[in-house]
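Please examine the sequence and the model shown below. The report that follows describes selected features in turn.

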Amino acid sequence: MVPVDDTIEELVARVLRGEPRAFDTIVRQHLRAAYVVALAVLRRPTDAEDVAQEALIVALERIDTLRDARQFRSWLLQIVRHQALNWRSRRRLRDVGREAPAEAAHDASPPDALAFRFRLLEAMAVLGPTEREVVLLHDLEGWTHPEIAEALAISVVMSRQHLFQARRKLRTHLDSPNEDVDHE
Amino acid sequence: MKTWTMSDKIDFSVIDPKRDPGRWNQQVEATVARALARRQAGAFTFTLLEWARPALLVAASLALVTWCGVTGQQSRTTAQRGSGDAAWVLTRWAVTGEEPSVASMLEVLGAER
């Protein structure tokens, strides 16, 4: 995670004053979390990257409407979720009658890594949306359960429960990937 | 096959956008640049909107003052014309029974002041 020098309230205040460094810090701190939540909805990394960037831009543009700066994180993730759902609706319309784009086409990773990436993305389809968000925020972004609980408006116990279920389902699927999964 | 424990994290490194630091930095910088541009454009629009209301108020006040001036001038003209106008003098005499002054009568009859 990016080292935190300022509290989120101070950062938001500096963004409101138009300080470019505050924009940079806030984007570095939150872009990957935004990506993770977009990925939980879209399950396509390149789409998730685009949505995460657009959501952060929208959030920073409308930051005056944020009532409590301490809620920035959960407010941002709501914007991400909203943008991702809109993106998915548009994608469905766009993709009618077309093959889904090859997600890893631009990726220069070794074939093994690409194969694992494909299986992982496919396995994520067996999870519910909240399970996907929790496991990605915890295992990829490194958030703690209290942080996840606050951002997703769930209890810490539920966060632990979702993580447990998500890991179990993912491992089961990754060990035997032939189960039917919902491809949207 | 590897055996898992439930405390083991899932390895998501293959879908971690930070696995390519150069590309990640480009994304961050592009996002910051676009956010700053959008915010500045938004601030300009906001300033315009903020000025729009006082500007409209001033314009409305000027229009009101101008209108009052024109109306006042018209009333004065009507009043001035009324005192020497034959139709006005006669109508007033007929309706109210108020007899016009000798000067008004002479004026109506065409005498010079």
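## Overall architecture of chain A

This is a predicted model. Chain A contains 8 helices and 0 strands. Along the sequence, its elements follow the pattern α-α-α-α-α-α-α-α.

Chain A has 184 residues, and 48% of them count as buried. Its accessible surface comes to about 9,100 Å², and carbon and sulfur atoms account for 52% of that surface. When contacts in chain A between residues at least 6 apart in sequence are considered, 67% of them join residues at least 24 apart.

## The largest nonpolar core

The largest nonpolar core comprises 65 residues. The members that touch the most other members are Leu136(A), Phe12(B) and Ile15(B). The element that gives the most to this core is helix H2 of chain A (residues 20-42), with 15 residues.

## Arg14(A) in helix H1

Arg14(A) lies in helix H1 of chain A, which spans residues 8-16. Is this residue buried or exposed? Arg14(A) counts as buried because its relative accessibility is 17%, and the cut-off for buried is under 20%.

Apart from neighbours within four places in sequence, the contacts of Arg14(A) are with Asp6(A), Glu19(A), Arg21(A) and Ala22(A).

Note on methods: Residues are numbered from 1 along each chain as its sequence is written. Chains are lettered from A and ligands numbered from 1 in the order in which they are written. This is a predicted model: local features need pLDDT of at least 70, side-chain atom pairs count only at pLDDT 80 or more; totals for chains, interfaces and linings use all residues. Side-chain values use heavy atoms; hydrogens and water are left out. A nonpolar core is a set of buried Ala, Val, Leu, Ile, Met, Phe, Trp, Tyr and Cys residues joined through side-chain atoms within 4.5 Å. Buried means under 20% relative accessible area, exposed over 50%, partly exposed in between (1.4 Å probe, protein chains only). Helices (H or I, at least four residues) and strands (E, at least two) are DSSP runs, numbered from the N terminus. Contact means heavy atoms within 4.5 Å. Accessible areas come from the Shrake-Rupley method with a 1.4 Å probe; for residues, only the protein chains shown count as cover.
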